[in-house]
Amino acid sequence: MCNNSEQWLNRCTLVVNYNMSNNTGYNRQNGNNQPKPWSLRLFILGINLILLFLILDTPLLQRIGLILIGISLVLGCISYIKHRFNGNTTTNDSVRDIFPLVRKYLKVNRRFLLASTLGLIIAIMVISQIYVVSESTTGNIYSEIFQNGVTPFTEISQIGDYPGSDVTNLHMNRNAIEMKYNDTLQEYGIRSMGMNEFSRYYFSSHSTDWNPQTGAGRGLRMRNEIINKQEFQLLQQFPTFPNLDYSHNLTLLVLDSYRIEEYNFTVVDQISENHSLQVTLEYNNTVIDIPVENFWLLTNDDWSYANDHDMRYLMNRYEGTTIIPNKSIATVFNVSGIVPSQYLMRGYIDYSSLVNQNPTQILQIITNMRNDLYTYLDRQNFNIRSIDISSQVSQRLQQAESQLQSIKFLLTILSVPMMILALYLVYFSLNLVEIRKQKQVGVMKVRGVSTTQLRMMLGAEAVFASIIATAIGMALSLPWSYYIINKSGIFASNSSIFLPKNWYWKMPIIGLILTMDLNIWSILSISETKIEESEAAEETKEPFWKRFYLDVLATIIGAGILLTMKFVNFDRTVDAFFTYQIGPIALLLFIFGLPLFVSRYYSTFLTILSDFLWKRTGNLVALATRNMRKNKFSASKLAVLLMIGMMFSFVAISVPNSLKSWNQDRAHYEVGSDFAITGLDSTNSTHFEPLTNNTDITAITSIKRITVTQTMLGPRERPYNNIIYIGINSSTYRQAAYWDASFSTTSLQRLMDALQQGKVLVQSDALDVLDVKVGEDILLPINRTDSAVHNVGGSFKYWPRSLDHLYRIATWVSDVIVILPMDVFNTDYSIYNVSTVTALARTSNNVNQTAVLEQLKEDYRELGGQTLSFGISSAQEFLESYQVTDQNRLMFTIFDTLLLVTAITSVIGVGYFSFITLSERKREIGVFRAVGMVSTQIFVLLVIEALVLALSSIILGDLAGIFVTDSYFMLIGSDVGQIPPLRLRFNARFTFLYSLAILLLSIISAAIPARITAKQQTGSILRAE
Amino acid sequence: MIMSTEAIIQLNQVTKHYKDPSSDIRFQALRGVDLNIKEGSMAAIIGPSGAGKSTLLNILGGMIAPSTGSVVVDNHPLHSLQGDQLNQFRREVTGFLWQIPERNLLPSMSALENVKFAMEIANYTREERDKRANYLLHQVGLGDRMDHTLAKLSGGEAQRCGLAVALANEPKILLADEPTGELDSETTMEIISYLQDINADMGLTVVVVTHDNRFERMTNQSYNILDGSIAGMRRSLSNTRKIKWSDAQREEVGVVNQFGMVRIPNHLREKYEIDEFVKFIEDEATGRLYIVPAEHR
């Protein structure tokens, strides 16, 4: 036995030694989740930069993206080589063998495929519409510039300078020309002579020689016009402009025959033997023969007195053409000493081949041509500083380009909320199915499926979803884009859709990159799923933002700063700092932090709610909220989706409404009431009769206004631009004038009371800088030498009709506004002899303002007769003058589509959540049935769950929307901005109805799977999963 | 313990501990398990709930790795395999049968598709898959239920289908975790019978984890596991290939660990009134060691 024991011990020792030397049994405390390789991270970052480049068209992003992709591929190759070098074997899964697996997997997971597809369709649709709308706008603008149906050729005309007075003369002459010869021109197919501007060389008084070095009198000006094809074909017959790259560039020279006579030119034209034209000029016995290709057209510069004979002679002589080419600028200047006066030169570019190119490229071509001309002229020793080569076409194209850029920028910015919604829907859906997929993957892993096989299956699923989503998204974006372009009314007539060529390949690439972004980490995570879930649970790490409560901090800090800005009064400088520097950051912090904050605490909210209801009522609602805790994390994400959608929708509803209200505020602020009539004599009662006799007018008041300029005021004697005194009639002002409670912290009644006591009202900003308070006396300048003491009875922030500009400057008070009682005004400030007043008139509600305006105009026209004129303005007219810009119309249209996208994503999100979660709650439903609940009760229970989720999210979204919109308006319409400031005015009724619609749609989308689940037989449910 | 060259499964001082993430409490599921199972044998691991049976079986199946110790299955050192090596091991060496059918089968596939799917993973050709799937399903008695999905199979049928899936890739070892846990007695006996036939006809090594003591009489060896360690073993003395299981002679043995500790079965302790102490009496003449109760002093 001892021997056996010894042997046993020895063996144990051996075993121990064996274990120690082969101690590869490892501690699984921390699991072995593979860290994501840096090559993959760089690759993902690189392709995302490429994605941004495809959307924003910024070449720098493309360069950086490609570099990162290159680095990641190199790192990946190095890693792979190291892996193989270390003797790690890989499985022998061939691609061919994986196809059947992929097919089987796709067939099994059809319902999971839906998760990736639906949201991606919306995202692709949104991105595609940015392209299509931008390109269609470009195409439609292009068509408008070049007049649809006409072949676009451009003409560069008139090299030369001109003094201003001559231009006016010549423009008028041009009109006379066109009027007189229009029919003839058209008969010969010439639509435009293009002789709009003539140039004149002027010489120094002591020299008849042109001096190119000094450039005295020598300038060049080139102009573009659009001409039609016939003209161009005519011009194509002429020789080309030398030393330039534009083969159809021609010059045309027009001489002033009047001047020729003045300078004693003789022009002899002859037809040579070969039927070409020759022109001979004689000047002071100098004869110049201009070769056949360099002949001159003689015209009369003063076309209003044109000699018919001359014109017709020329047109008959040259077979209907009135244009003749000159070969080179040099020729022009060679003869300029002889012919010192006007000439006309034209250059033409044929860019019919460029019709399909965008304005940017055409602009570039024109710019290149200009640069070439500058270079040529410089080489010819012209003083290019005096040369101005301009192009009307390029100006129009540049305007179009700016318009396009602003439209594209607006489109992109406004589409961001929709993209966020759509991509979050995809993320939410993928998250929802990830856990369900993990169970399947667990089964597969038990059977020995390799990581490669898994990744191929999951990757194929993602690619398949991408292909479907991209195709459908691209197709749906076309009618959507058509709707946006035509509804926004940017173009007068029905506009067409233009599809850029690169759209066909850009969108699939974008779809693929988005798919990779959304799926890659999920694929890696799922493929590394542990078979034992408990191990997976212990190795889960929270994202870093969650661990450090960054979401909570961002939300609280953002909200705190914005609330502080709203309720605390700062001085202008501090206010400007907050408005322009801190406020936008705070708003962004809040917008990005709030969804994460809700995601963190929504499950806590559900728990608290269910505990509360369970203790208090214990009814179906309590049971429903109890049940929701099972899927509380998925429910949190769904709540965030609905909340974000409602928040954006609220912005979309309230911004247009607020802008419309703001325009009305502005109009009333500018006019001061419904109507304002200036130039009335306060001592002449007849001047007020049209107002008093008009039954639609319910209240009238009068004001006087003067401005004292460039005075020193205040203890610090800071200079101010203006002190604006306004005298008002305090007994009638309140009834007639326009007023808003935001204009002063004191009510208008109290302000009028102060005026009735003989006090004055001073603008609140001015009080600060004047170092005086309400109730104290203030010395106000009457003129440059005299002042008067007044007691300050109140203050205000804004006063209608006080300022000429509707903008407050940030850092200093440039205009001080003082409101005086009318009698004080008349007494102390009468030195200015202001006897005319402005009458403000208010009408009753629902009165036809246009009719009242017309009546007033007629009455005052009659009253004024030939001697007096009165200025009549109405708030209605001002309102109409604030025309909605193209950009605003586009914005409103996109906001409409945002409402639709929110509704769709809400329906999909709630429906999919219900569908997936209910399919796994069959046992739970079976237990309900087993304890006696009928199908109707189960249906109601499930619907209540959806109702609680949707209602809480919608309320939260609306509240967040109010805060975000109000804060946004506060930032853009603050004390340092527009007067009156832009404020949140939302249509409560529409907002409520829209929220109700979203709620109902969400309930319906949840009700369908709930109905299916509730109707299942108890036996089959209990037997099943 | 000496490593047997005939053993297809060799565990040496395997431990496994877990950490509860919420409470940060660590608990040890296995405490130094030594186990040798011969190739072609049918072994049971029997113990109460929480004894560590499933943990042990999952380690044998390569689904979790031990915290310490070595695990060699069919000459594969599982404690040092990772990633795709483990996947390949599971694909080629072991077949696993869970207690719950939902863990054995993909619910949206039919019985036939489930069996074929397992072979698709292992790159069988289409002809081989069709032939073998049909054969296996007929073997387990599901020849007329091949196109039925999980929802349409009874519990026993689903478990038999799971068995067919586990055998699809011709494994050398079949690991079954409480395969009869959710079945009635009759179906349980059917499953046991299938397992015995598989073991006898195919020479497959079968390891069953169960709390059902009926398995004790149906296997070559049955290990009792208690509190994470092997407490004892009962083994068949007869060649069960030649006689019925119920007629086989069995003996109960104590398992001596590396520290020389052995566990005396409770019924023996009670029978022989073994309290706190025992003494060892050597009989050199016969070369035996006797363990007898010792008194308190």
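Modeller: One term before we start: a contact means heavy atoms within 4.5 Å. Also, this is a predicted model.
Colleague: Fine. Among contacts in chain B between residues at least 6 apart in sequence, what share joins residues at least 24 apart?
Modeller: That share is 62%.
Colleague: How many helices and strands does chain B have?
Modeller: Eight helices and 13 strands.
Colleague: How much of chain B is buried?
Modeller: 53% of the 297 residues. The accessible surface is about 14000 Å², and carbon and sulfur atoms account for 47% of that.
Colleague: Switching to sheets. What is the strand order in the open sheet of four strands?
Modeller: In chain B the order runs β2-β1-β4-β5, with antiparallel pairing. β2 (26-38) and β5 (76-77) of chain B are the edge strands; each has a single partner, so one side of each lacks a neighbour in the sheet.
Colleague: Which helix packs on that sheet?
Modeller: Helix α1 (residues 53-60) of chain B, which touches β1, β2 and β4 of chain B. The direction of α1 makes about 125° with that of β1(B).
Colleague: How many bridges join β1 to β4 in chain B?
Modeller: Five, between β1 (residues 7-19) and β4 (residues 68-73), running antiparallel.
Colleague: Which residue in β4(B) is the bridge partner of Q10(B)?
Modeller: V72(B).

Conventions. Residues are numbered from 1 along each chain as its sequence is written. Chains are lettered from A and ligands numbered from 1 in the order in which they are written. This is a predicted model: local features need pLDDT of at least 70, side-chain atom pairs count only at pLDDT 80 or more; totals for chains, interfaces and linings use all residues. Side-chain values use heavy atoms; hydrogens and water are left out. Two strands pair if DSSP finds at least two bridges between them. Helices (H or I, at least four residues) and strands (E, at least two) are DSSP runs, numbered from the N terminus. Axes are lines fitted to C-alpha atoms, for helices over the stretch in contact, and angles run from 0 to 180 degrees between N-to-C directions. Buried means under 20% relative accessible area, exposed over 50%, partly exposed in between (1.4 Å probe, protein chains only). Accessible areas come from the Shrake-Rupley method with a 1.4 Å probe; for residues, only the protein chains shown count as cover.
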